[in-house]
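Hi everyone, thanks for coming.

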Amino acid sequence: MSRDLSRLRTAGLGAGLVVLVTGSAALTSWCIGVAIGSVAGDRMAPWILARAAGITSYLLLVALTLFGLVLSHPYRARWRRPSAATRIRAHVSLSVFTLVFTVLHIVVLATDKYAGVGWWGTFVPLGSTYRPLPVTLGVIALWAGLAAGLTAALAGRISRRAWWPIHKVAIVSLVLVWLHGILAGIDTPVLLAMYVVTGGLVVFVAVSRYTTSTTRAEVAELAAVRATQVPVAHLAGPAPVETARPAAEPVSVEPRDVRSGA
Amino acid sequence: MSVHLRLVETPAVATATGLLDGAAVLSRRGTESLSGVAPQDLDAHRAVFGVRRSAAGDAAEALLAAIDEVHLTGRGGGHFPTAVKWRSVLAHGLGATVVVNGAEGEPGSAKDAVLLQTRPHLVLDGLVAAMEAMGSTDGVVWLHDGAWASARSISRALAERATAGLADPPIRVVLAPDRYLSGEATGIIRTLEGGPTLPRFVEDPARPWSEGARSVLVNNAETMARVGLLVTGSAATYRPTSLLTVVSAGHRVVLEVGPATTLGEVVDRAWSSPDGRPPQALLLGGYGGSWVSWDVARELHVDADELRRHGLSVGAGLVGPLPATACGLEESARLVRYLAGQSARQCGPCVFGLVAVADLASDLSAGRLTPSGRRRLGRFMGEISGRGACRHPDGALRMLASALTVFGDDVHRHRRGRTCDAPTFAVLPVPGES
């Protein structure tokens, strides 16, 4: 009976997966069709494509950061779903997609004469003639993001002590991207709301991650309870009845070297 | 917390071959205020056991030979030969710090407390002999915070020895934080070196102290009392007994038994069944020990070799009979949860692994373990074992694994979402539970 049920379940999961993949492929095709249809022939098409890629990249970066915070949250061991393996896979996959859309954002802007950014402006701070400050923030964010991503790609091959501090520049990347978006990309209230809500969400999770007591703090708490040396004279007194807890003094931490007679 | 102890079955004439005169009864928790029992004073101690012989210089080798001859081992469950440990410390030169470990982390166990409170001079004779053999001038009686009765008993005995003019080397009494892992040897050594009382990784088990630090010999209180027997008596009169703590619903009994005694006799003698029926199983060794079904356990002798053949050990001496009306899985899940909470939180296998295993064990106990949870439990138990600085998870996993075997029928029932609905629960004491 239970074997039949499990077979039925497997079949159901398989069918669901086929429907999901087919559905998402259809939806993607439809979205691309609508996008092409609405900008076809428009001389602003590359600009719109670059903006869309930028916003997508930002949203992916937010999701990536949220997964990163969850991965290092002190409560991570208590959460069962998604599993630890799924979380790390999602974090890595999101970083790849973020990179893909960032590259699209950059390539389109660099090759679009109308944008006035150019290849120079894409990679060098203050190299853009179009809105130099916001573009520069984006450029620095790109470098910081690449540093965070490349060091993490080496995780497991190099010491955690080497890559983990560098990986934390990811937060610089996100903050700069957010400012880049706020300064250069809020021409509609919807976009402003998106930046405010997503920024608030990351701050909320980050506060929870950094204010929750970590394992290291718990060890420090345990280590703070020190062993004490009992003054023998106090305990060895004549009173055979219950005595109050005697005052104890900390254990002498100085190892005496008896061999040298000290 | 008021705990009362009385001696029962006290024989008319005390014998010099055993550690205890009879069985001691304690309340369910704690080791303190064992009123009604006077510690054996120095005169009484000498009348029963005789005067300690020196173990300094050449006499050290004779003592080591005697320790070898009686196959004296540690009480940690690994049965590590005491003589090998002593020789490995001696290999690093004279002048080691010698520690009597009387910090019983096992919440159910009270054998060391009873020993320290009724036979302080025997333990101290063992300690002083060990110090002489090691050329030591630093002796430590290591107890846990709250063990005031033991601390008082030892301190009084030390004062008595000083008054009697015994030329004992300096001995101090140190109270460790009251935690499960406070009796762990690497944590003791770390503390003596000025660090926190937490276990640490040791690269060379034969040299658990830090490079350049003073060498340290740590022996359990029972082992040290047995050394005391050897330096007052001889290997010929030595009896290889075991001290056990048997846990009942309202009290505990500490007793000494010989290798010819079966666990069935131990339970008959010291356990009160809540319903008149024999127990369904025993937890043997400690909370990191193993469950043994009653049918197997009743015939087993309290003999290290015989127990080892069954993959068992007396360990810390705990005997926890599980009443027929209790659920072994519920009890085990409770103990795993306690052990997970008592980790030093230093190593991944405890922080993540043991906590996850405790969650899954609770799920199983509550009858809501999913098939994927079952697979994860099996996987985690394999992945975690043998890891961590002090191997703390190993004991918890051994206990849980034995529960899954011994309570196999219950596992089957719980997996189908039906619990035992046992009327008896919380059989073994866990600190902090009301």
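**A walk through the model**

Let's start with one residue: B:Thr73 is buried, with a relative accessible area of 15%. The cut-off for calling a residue buried is under 20%, so B:Thr73 falls on the buried side. Before I go on, please keep in mind that this is a predicted model.

Where does B:Thr73 sit? You'll find B:Thr73 in the loop between helix H2 (59–69) and helix H3 (82–90) of chain B. Leaving aside residues up to four places away in sequence, B:Thr73 touches B:His79, B:Phe80, B:Pro81, B:Thr82 and B:Thr223.

B:Arg75 forms a salt bridge with B:Glu222, and the closest N and O atoms are 3.2 Å apart. B:Arg75 belongs to the loop between H2 and H3 of chain B, while B:Glu222 lies in helix H8 (residues 221–232) of chain B, so this pair ties together parts that are 147 residues apart in sequence. Both B:Glu222 and B:Arg75 are buried.

How many salt bridges does a search of the whole structure find? Over all chains, the search finds 22 salt bridges. In one of them, the side chains of B:Arg334 and B:Glu331 meet at 2.7 Å, N to O. B:Arg334 and B:Glu331 are three residues apart in helix H12 of chain B, so about one helical turn separates them. Are they buried or exposed? B:Arg334 is buried, and so is B:Glu331.

In the other, B:Arg379 pairs with B:Glu383, with the closest N and O atoms 3.6 Å apart. These two lie four residues apart in helix H14 (residues 371–384) of chain B, about one turn of the helix. B:Arg379 is partly exposed, at a relative accessible area of 47%, and B:Glu383 also counts as partly exposed, at 42%. There is a network of salt bridges to look for as well, linking B:Arg52, B:Asp125, B:Glu132, B:Arg161 and B:Asp168.

Now for the nonpolar residues. The largest nonpolar core has 70 residues, and those with the most contacts inside it are B:Leu63, B:Trp86, B:Leu127 and B:Trp142. Which helix gives the largest share of this core? That is helix H5 (residues 120–134) of chain B, with ten residues. If we again skip residues up to four places away in sequence, B:Leu127 touches B:Val98, B:Val100, B:Val141, B:Ile171 and B:Met224. Apart from this core lies another one, of 48 residues, including A:Val219, B:Val247, B:Leu322 and B:Phe407.

Next, please find helix H16 (residues 408–415) of chain B, where B:Asp410, B:Val411 and B:His414 are buried. They cover an arc of only 105° around the axis, which puts them on the same side of H16(B). What covers the buried residues of H16(B) includes helix H12 (328–341), helix H13 (348–365) and helix H15 (392–406) of chain B.

A:Leu99, A:Val103, A:Val107, A:Trp119, A:Phe123 and A:Trp143 make a nonpolar surface patch of about 560 Å². Helix H3 (84–111) and helix H4 (118–123) of chain A are the elements that give two or more residues to the patch. The largest share, three residues, comes from H3(A). A:Leu99 lies in that helix, H3 of chain A, and is partly exposed, with a relative accessible area of 43%.

Methods
Residues are numbered from 1 along each chain as its sequence is written. Chains are lettered from A and ligands numbered from 1 in the order in which they are written. This is a predicted model: local features need pLDDT of at least 70, side-chain atom pairs count only at pLDDT 80 or more; totals for chains, interfaces and linings use all residues. Side-chain values use heavy atoms; hydrogens and water are left out. A nonpolar core is a set of buried Ala, Val, Leu, Ile, Met, Phe, Trp, Tyr and Cys residues joined through side-chain atoms within 4.5 Å. Buried means under 20% relative accessible area, exposed over 50%, partly exposed in between (1.4 Å probe, protein chains only). Contact means heavy atoms within 4.5 Å. The arc is that of the directions from the helix axis to the C-beta atoms. Patches are made of residues with over 30% relative accessible area and no salt bridge: like charges are joined within 9 Å, nonpolar side chains (Val, Leu, Ile, Met, Phe, Trp, Tyr) within 5 Å. Accessible areas come from the Shrake-Rupley method with a 1.4 Å probe; for residues, only the protein chains shown count as cover. A salt bridge is a side-chain nitrogen of Lys or Arg within 4 Å of a carboxyl oxygen of Asp or Glu.
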